[in-house]
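Hi,

Here is the model I promised to pass on. Have a look at it first, and my notes follow below.

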Amino acid sequence: MSEDDLNRNGPENAGEPGVGESAGAGNGAGAVSGNDDAAAAAASPGNAGEAGAGTAQEPESGAGDAEAVAADPLSEAMATISTLEDQLKRAQASLYNTETEYTNYVRRSKQEAGAHRDSGTLKVIEALLPVLDDVELARQHGDLEGPTGLIAEKVEQILFSTFKVARFGAVGDEFDPEYHEALMNRSSADATSQTIETLIQPGYTVADKVLRPARVGVVSPE
């Protein structure tokens, strides 16, 4: 082949690699363009909204579960039962305290009523003691006769049997300061202990309680 032939074929062969390079460049540009389109599509507002909507659905699901628990009839019933049981216990405690206070009030009222009754009875008996003294003196002098004597004895019987009044004090009894009031006292060699020598006024008891001590004269040993 002559030099002229080489010169003619050279430009043609040299142009082929240029075409390949152009094709490769075209393919590379297409790939870059495709990647850019995918990135733009992913970053578009529509896709972002879909992703956000998917994320926001989770709290709504949790709120629904809470509402379901709150609206559970069994849980509400158990809470109501617990509240009613607590109220019942409080009511029972209040009732017990009220009953205790009432019982104590009734007991105190009975005691106070009994004390007032006894006090009134004692006052009446104390007022009648001078009458009993006169009846006893009349009996000692033999003046307790006739209708007046019957009435006096009837009064004594009522006081002694119904109200448990008892007369005490007699000559020769041993002196007891709880029952006797010594208005006179003398010494004697014949006396062996303090004894009642003179009964000035008898004493009275009501149900073993000294209403009035006997007033006496006492003789004591020397």
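**Notes on the model**

Lys164 sits in the loop that links helix H4 (146–162) to E1; helices (H or I, at least four residues) and strands (E, at least two) are DSSP runs, numbered from the N terminus. Before I go on, a word on the ground rules: this is a predicted model, where local features need pLDDT of at least 70 and side-chain atom pairs count only at pLDDT 80 or more, while totals for chains, interfaces and linings use all residues. Residues are numbered from 1 along each chain as its sequence is written, and side-chain values use heavy atoms, with hydrogens and water left out.

Back to Lys164. Its phi is near 60 degrees, which is positive in a residue other than glycine. Most residues other than glycine have a negative phi. With 52% relative accessibility, Lys164 counts as exposed (buried is under 20% relative accessible area, exposed over 50%, partly exposed in between, with a 1.4 Å probe and protein chains only). Ala207 also has a positive phi, near 55 degrees. You'll find Ala207 in the loop between strand E4 (203–206) and strand E5 (209–212), and at a relative accessible area of 56% Ala207 is exposed.

As for the overall layout, the chain has 4 helices and 6 strands, and from the N terminus on the order is α-α-α-α-β-β-β-β-β-β. Of its 222 residues, 15% count as buried.

UniProt, in an unreviewed entry, puts a "coiled-coil region" at residues 74–101. UniProt positions are in the numbering used here, feature names are shortened, and annotations may be inferred rather than shown by experiment. In the model, that span is 100% helix and 0% strand, and its end C-alpha atoms lie 41 Å apart.

**The largest pocket**

The largest pocket holds about 160 Å³ of space. On the method: the search uses a 1 Å grid over the protein atoms alone, and a pocket is an open set of points with protein on both sides within 12 Å along at least five of seven lines, whereas a cavity is a set where a 1.4 Å probe fits but cannot get out; lining residues have an atom within 4 Å of a point. Grid points are joined across faces, edges and corners, and the volume is the space filled by probe spheres set on the points.

Which residues line the largest pocket? They are Asp133, Glu136, Leu137, Gln140, Arg167, Gly169, Leu199, Ile200, Gln201 and Pro202. By class, that lining has 4 nonpolar, 3 polar and 3 charged residues (Ala, Val, Leu, Ile, Met, Phe, Trp, Tyr, Cys and Pro count as nonpolar, Asp, Glu, Lys and Arg as charged, and the others, Gly among them, as polar). Helix H3 (73–140) and strand E3 (195–201) each supply at least two lining residues, with H3 giving the largest share, 4 residues. Domain 1 (75–163) and domain 2 (166–221) each contribute at least three residues to the lining; the domain bounds come from an automatic or database assignment.

Asp133, one of the lining residues, is in helix H3 and counts as buried at 10% relative accessibility. The C-alpha atoms of Asp133 and Gly203 are separated by 9.5 Å, although the two are 70 residues apart along the chain. Leu129 is in helix H3 as well and is buried at 5% relative accessibility. Its C-alpha atom is separated by 9.9 Å from that of Pro202, 73 residues apart along the chain.

**One aromatic pair**

A search of the whole structure turns up 1 aromatic pair. Phe168 lies in strand E1 (residues 165–168) and Tyr179 in the loop between E1 and strand E2 (180–188), so the pair ties together parts that are 11 residues apart in sequence. The criterion is that rings of Phe, Tyr and Trp (its six-membered ring) pair if their centres lie within 6.5 Å; planes under 30 degrees apart count as stacked, over 60 as edge-to-face and the rest as tilted. Phe168 is buried at 16% relative accessibility, whereas Tyr179 is partly exposed at 30%.

Cheers
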